[in-house]
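Hi,

Here's the structure I said I'd pass along. Have a look at it first, then read on for what turned up.

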Amino acid sequence: MADSHKFPSPIHYEKEKASVLVSTKQNSSKTSVDPACERIWRKIDFFVLPVVVMFQLLSGLDRANLANARIAGLQEDLRMSDYQYTIALTITSVPFILTELPANLALRAVGPNLMLPTMLTLWGIVTTSQGFVSGYSELLACRFFLGLFEGAFSGLLAYGIVRMDGFGSRPGWAWIFILEGLFSILVGISTFFTLPRSPAHARFLNETEKDYVISQLRQTGAIGHNDDADSFSWQEVRQAFSRPQVLFLCVILFFTGAITSGLIFFTPSIVADLGYTRVDAQLYSVPPIVVAFFGSMISANVSDRFGARGLVIMFSALLKIVGFVVFLVSSSLHVKYGSLFLIVAGSHSAAPALLTWNANNTSPHTRRATAIAVGSIMTNTGGVLSTWLLGTLSSAPFYKKANITFLIFSILIFVMSGINIVYLSSQNRKKAMIRATTRRENEKPGLGDHSAWFIYNL
């Protein structure tokens, strides 16, 4: 069961960095009524967020298109078994998992303005190449390099694109890869000229505005108080693995990644198994994602406005629990299709809170970068499990074993999120006691999220 909210991709590097900016903006706006300060954050929204959103859209699009191509005839044309299709899905995650941490640590040195457009352009080339494969081994090679470079729109596009079947002597599924890949290449090249390396290098900010943004980022702990505090350190890498909130989220992200990746790669197939034609299955996979889009907007605003990351994740888990129960117990195909709205919405609405919860509660830079990378590795490892659950170990059309497993995972997400909230609350109480008995200048420097003045986001 799947959707296109592809849980972390390499795009999550800049997206989660942007989430820190957004969170900082929220905190800043609460303590300042100066409209000039608000205009600065609006400028960042205007120039940076559209680029990051487009990266995320294309990341999900290029990863999800294999599922659309499958029901458009790819599996039959390449004479692939279900087992081989599962291998093709799995091989995408292998380089992703292996390169996630080093790539995330290298991002600061290389700069997002160079690294992210390069990755997008390269994975666009690989995606386009999939439209010209003539055998299974060639597809595997493309999927491997897609995972290496890539780290509601897809179904709707695929519905229109497959109608190009036969154009240029290419099957409809090939055009899914060719057109979506070419679009990624064009966007990737254009963002070399639009994405700033950091606030200090943003051409749309003047010097005063740059100083203000940097001071706010330092004040909230998003960046260190100087370059030395944010410099690379193996000690900070190890610190990330010792933080309980990071470990709790790694477990949550593993379960979430399993469910979400299953949705990415199998929703069109599940919809087709419910009695829809191949072409209609492309179209009917879209409405749950449209509902999920609005759910994500609501959850993102609620979690930011009220600082309630964990509660939003718990509510999203409840939606998935209800959805999986309905899918498992109902005998009506229409009701089963309706349950996809709850499952897909639950997966989508958790994403904003999950992506920011991990970033918000770790500092300084290297510790945060490591925590984000490890979380993404766990997400993609969960995705490997789901491709085998749905691709080989569970039988169509109802995938009972997989759905029971996902139901258990959803319950565990709910429980683990509650445990993390309790832990972070207890740590905040301890820090409040320390702040009441000492002054900040007396605290040892370089503590990052260990500092008594670093308040954990719940």
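Aromatic pairs first: there are 17 of them in this structure, which is a predicted model, so keep that in mind as you read.

Take Tyr85 and Phe266. Their ring centres sit 6.0 Å apart with the planes at 90°, so this pair counts as edge-to-face. Both Tyr85 and Phe266 are buried.

Tyr276 and Tyr337 make another pair, and this one is tilted, because the planes are at 55°, with the centres 5.8 Å apart. It also ties together distant parts of the chain: Tyr276 belongs to the loop between helix 10 and helix 11 (278–284), Tyr337 belongs to helix 14 (residues 333–360), and the two are 61 residues apart. As for cover, Tyr276 has a relative accessible area of 22%, so it is partly exposed, while Tyr337 is at 10% and counts as buried; the cut-off for buried is under 20%. Ring pairs also join Tyr276 and Tyr337 with Tyr284 and Phe341 in a cluster.

Now the inside. The largest nonpolar core has 75 residues, and the members touching the most other members are Leu74, Met80, Tyr85, Trp173 and Phe406. Tyr85 is the residue from the edge-to-face pair with Phe266. Helix 10 (residues 244–273) is the top contributor to this core, giving twelve residues.

Leaving aside residues up to four places away in sequence, Trp173 touches Ala69, Ala72, Gly73, Leu74, Asp77, Leu78, Gln130 and Val133. Leu74 in that list is also one of the core members with the most contacts to other members.

In soluble globular proteins, nonpolar side chains tend to be buried together. Where do nonpolar residues form a patch on the surface instead? Look at Val110, Leu114, Ile189, Phe192 and Phe193, which together have about 460 Å² of accessible area. Leu114 is part of helix 4 (residues 112–129), and its relative accessibility is 43%, so it counts as partly exposed.

Overall numbers, for your notes:

- Secondary structure: 16 helices and zero strands.
- Burial: 57% of the 458 residues in the protein are buried.
- Surface: the protein exposes about 18600 Å², with 68% of that supplied by carbon and sulfur atoms.

Cheers

How values were computed
Residues are numbered from 1 along each chain as its sequence is written. This is a predicted model: local features need pLDDT of at least 70, side-chain atom pairs count only at pLDDT 80 or more; totals for chains, interfaces and linings use all residues. Side-chain values use heavy atoms; hydrogens and water are left out. A nonpolar core is a set of buried Ala, Val, Leu, Ile, Met, Phe, Trp, Tyr and Cys residues joined through side-chain atoms within 4.5 Å. Buried means under 20% relative accessible area, exposed over 50%, partly exposed in between (1.4 Å probe, protein chains only). Helices (H or I, at least four residues) and strands (E, at least two) are DSSP runs, numbered from the N terminus. Contact means heavy atoms within 4.5 Å. Patches are made of residues with over 30% relative accessible area and no salt bridge: like charges are joined within 9 Å, nonpolar side chains (Val, Leu, Ile, Met, Phe, Trp, Tyr) within 5 Å. Accessible areas come from the Shrake-Rupley method with a 1.4 Å probe; for residues, only the protein chains shown count as cover. A salt bridge is a side-chain nitrogen of Lys or Arg within 4 Å of a carboxyl oxygen of Asp or Glu. Rings of Phe, Tyr and Trp (its six-membered ring) pair if their centres lie within 6.5 Å; planes under 30 degrees apart count as stacked, over 60 as edge-to-face and the rest as tilted.
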